[in-house]
Amino acid sequence: MDSKDILIDGITRSHQVCGEVLDGLRAEQANWRPGGDHNSIAWLVWHIARQQDAQIAALSGDEQVWLREGWADRFGLDLPRDSMGYGHSTAEASQVAVEDLGLLTGYLDAAVEATVRYLHAVDPGSLDDVIDRQWDPPVTRGVRLVSIVDDAAQHAGQAAYVKGMLAG
């Protein structure tokens, strides 16, 4: 198994967890916010898709599927079109509510597809390329990709936890 296969496996596992979490849920359950102000399953899954989409688009030079495929318009969120959840206030996070869970899974599917397509195409020799010098140490392409996988795994686990809270 090479590094690309490991990254693909990691991102598809989070995708699978999200599918399992959303399976059988009603919209009001997916939009429920523990404690009244914590992140809902809908927000967590939306954020998984958004962070992947935004970061992979930046790496690939492609437009985000959020914009290119009209997902931003279909969601119709009262948020800036480039919002991806990072740094959301409680009020902003509350804006991510969906009535059609198919919309949520559709966007997640599209974002994961773009991620996997990028990972298949990436040159393994470019994983050590520095792509962001704003951090110390500077961030390489490989480190950014691991960060994308890690973020998805953490939020998928949180979504599963919240589903468990719903079950009591």
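**View 1. Trp66 is a buried residue of this predicted model.** Its relative accessibility is 3%, and it therefore counts as buried (under 20% relative accessible area, with exposed over 50% and partly exposed in between, using a 1.4 Å probe and protein chains only). The model is predicted, so local features need pLDDT of at least 70 and side-chain atom pairs count only at pLDDT 80 or more, while totals for chains, interfaces and linings use all residues. Residues are numbered from 1 along each chain as its sequence is written, and side-chain values use heavy atoms, with hydrogens and water left out.

**View 2. Aromatic pairing involves Trp66 and Tyr107.** Rings of Phe, Tyr and Trp (its six-membered ring) pair if their centres lie within 6.5 Å; planes under 30 degrees apart count as stacked, over 60 as edge-to-face and the rest as tilted. By this rule there are 5 aromatic pairs. The ring centres of Trp66 and Tyr107 are 4.9 Å apart and their planes stand at 55°, so this pair is tilted. It links distant parts of the chain, 41 residues apart: Trp66 belongs to helix 4 (residues 65–68) and Tyr107 to helix 7 (residues 101–121). Helices are DSSP runs (H or I, at least four residues), numbered from the N terminus.

**View 3. Phe75 and Tyr107 form an edge-to-face pair.** Their ring centres are 6.0 Å apart, with the planes at 75°. Because Phe75 lies in helix 5 (residues 71–75) and Tyr107 in helix 7, the pair ties together parts 32 residues apart in sequence. Phe75 is buried at 9% relative accessible area, and Tyr107 is buried at 0% relative accessibility.

**View 4. One aromatic cluster is formed by Trp46, Trp66, Trp71, Phe75 and Tyr107.**

Note on methods. Helix = DSSP H or I, 4+ residues; strand = E, 2+ residues; numbered from the N terminus.
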